[in-house]
Amino acid sequence: MDRAGAKRTHAAGLVKIAAWQAAVYSPAVALMAISEWCVMARPDPQLLLTWTVVARMGSINAAADTLGLTQPAVSNQLRRLQEWLGEPLYRRHGRGVTPTALGKRLLRIASQIEAALTDAEVLRTDVQGLMQGSLLLAASQTNAEFLLLRAMAVFQKRYPMITVRLQSANSEEARRRVDVADLAFVEDAVLPESVPGLKGKTLIETDIRILLNADHPLAQRPEDEPVALSELAGVSVVWREPGSGTRDRVEVAFRQAGLEPEIRYEFSAGAAVREAVRCGLGVGFVSALSATPPDLCTRPVVPRIVQSLSVIYQGPLSRPGEAFLAVLEDMMRAGVYAAPRGVGP
């Protein structure tokens, strides 16, 4: 008999039972019997999940304890499932049960349903964790301007209900905020010893270049011709404030070259440094990744001054933090942050 024929036979049997119940009891009892068959035209997933526990444990009593149900309740679910299937699912032996061949086949199907439901629950948890909430980012100005603004725009399109706050400072201050921020973006991956359990990684490695007014004598050389640090002896330099990652790297390079830089002008923002260079107060230093206004220009420096844009954070990350870092890394792999021509190792 094919499956459709079996269903028709089963339905006819239930109609006869319903007629007998209507005669002996009442039409309401008969209606309940027919309704139960209609509902069971497709199996209740809970019955299948119960069967997975019973089949794996080999005991109805043990399965009842695991499910937090009574033994009669589990037995009733198995009875309903067997009636729906039309064949025995298990055989009793001693104090346990053993699945029949058909029961084992149903176990494989039920296990797939169990796995699918688990995946759905994980997905729901992930979505709910990212549907709302907040994300606090601390970043150096170079990271904020070059890395984060574009990443924030993509992130907000994907997760519009998450509030993102960006606190921009210098690298030293951003590093100090790692204990309160979800992610801190700095210009190296050095981890503060005062905060235990930190993790960090370098995202991009690039160069620091000299920033010049277009009328400066050093700006008259070819674009790719480097400027030696020794040529800057006696040249007025416009500096970022102490704690700036760019300034730290440049000062180290000067000392390694045996030079003592003169500090006459000091500003706490990259925009102010650019304006000072534009006004002729001196030369400055900027990341090779920074946008250069048309009335200014940059030149490479020898020896090369390496700049690393990095992220540090306390593990484990919040879900918004994980999602933001994933967005940023996806954009990096896609080449969104490719260095300008002539920049790099």
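Start at Pro316, which sits in the loop between β13 and α11. Helices and strands here are DSSP runs numbered from the N terminus, with helices (H or I) of at least four residues and strands (E) of at least two. Select Gly315 as well: a cis peptide bond joins Gly315 and Pro316, with omega about -10°. Most peptide bonds are trans.

This is a predicted model, so local features need pLDDT of at least 70 and side-chain atom pairs count only at pLDDT 80 or more, while totals for chains, interfaces and linings use all residues. Residues are numbered from 1 along each chain as its sequence is written, and side-chain values use heavy atoms, leaving out hydrogens and water.

Move to Pro303. Pro303 lies in the loop between β12 (301–302) and β13 (306–314). Another cis peptide bond joins Val302 and Pro303, and its omega is about -5°.

**The whole chain**

Zoom out. The protein chain has eleven helices and 13 strands. Of its 345 residues, 42% are buried. Buried means under 20% relative accessible area, exposed over 50%, and partly exposed in between (1.4 Å probe, protein chains only). Now consider contacts, meaning heavy atoms within 4.5 Å. Among those between residues at least 6 apart in sequence, 74% join residues at least 24 apart.

**Ile208**

Select strand β6 (residues 198–213) and find Ile208 in it. Ile208 has a relative accessible area of 1%, so it is buried. Show its surroundings, leaving aside neighbours within four places in sequence. Ile208 is in contact with Thr246, Arg249, Val250, Phe285, Val286, Ala288, Val301, Ile305 and Gln307.

**Aromatic rings**

Next, colour the aromatic residues. The whole structure holds seven aromatic pairs. Rings of Phe, Tyr and Trp (its six-membered ring) pair if their centres lie within 6.5 Å; planes under 30 degrees apart count as stacked, over 60 as edge-to-face and the rest as tilted. Select Phe155 and Phe324. Their rings are edge-to-face, 5.5 Å centre to centre with 70° between the planes. This pair links distant parts of the chain: Phe155 is in helix α7 (residues 141–158) and Phe324 in helix α11 (residues 319–333), 169 residues apart. Phe155 counts as buried because its relative accessibility is 0%. Phe324 is also at 0%, so Phe324 counts as buried.

Now go to Phe146. Arg150 lies over the face of Phe146, at 5.3 Å from the ring centre. A charge sits over a ring if NZ of Lys or CZ of Arg is within 6 Å of the ring centre and within 35 degrees of the ring normal.

**Two packed helices**

Select helix α4 (residues 60–67) and helix α5 (residues 71–85). They pack at an angle of about 105°, with their axes 8 Å apart. α4 and α5 are therefore roughly perpendicular. Show the side chains: Ile60, Asn61, Ala64 and Leu67 of α4 meet Gln71, Val74, Ser75 and Leu78 of α5. These contact residues divide into five nonpolar, three polar and no charged.

**Last stop: Thr100**

Finish at Thr100, in the loop between β2 (96–99) and α6 (101–131). With 10% relative accessibility, Thr100 counts as buried. Not counting residues up to four places away in sequence, Thr100 touches Pro88, Leu89, Tyr90 and Arg91.

Notes
Axes fitted to C-alpha atoms, helices over the stretch in contact; angles between N-to-C directions. Parallel < 35°, antiparallel > 145°, perpendicular 65-115°, else oblique. Nonpolar A, V, L, I, M, F, W, Y, C, P; charged D, E, K, R; others polar.
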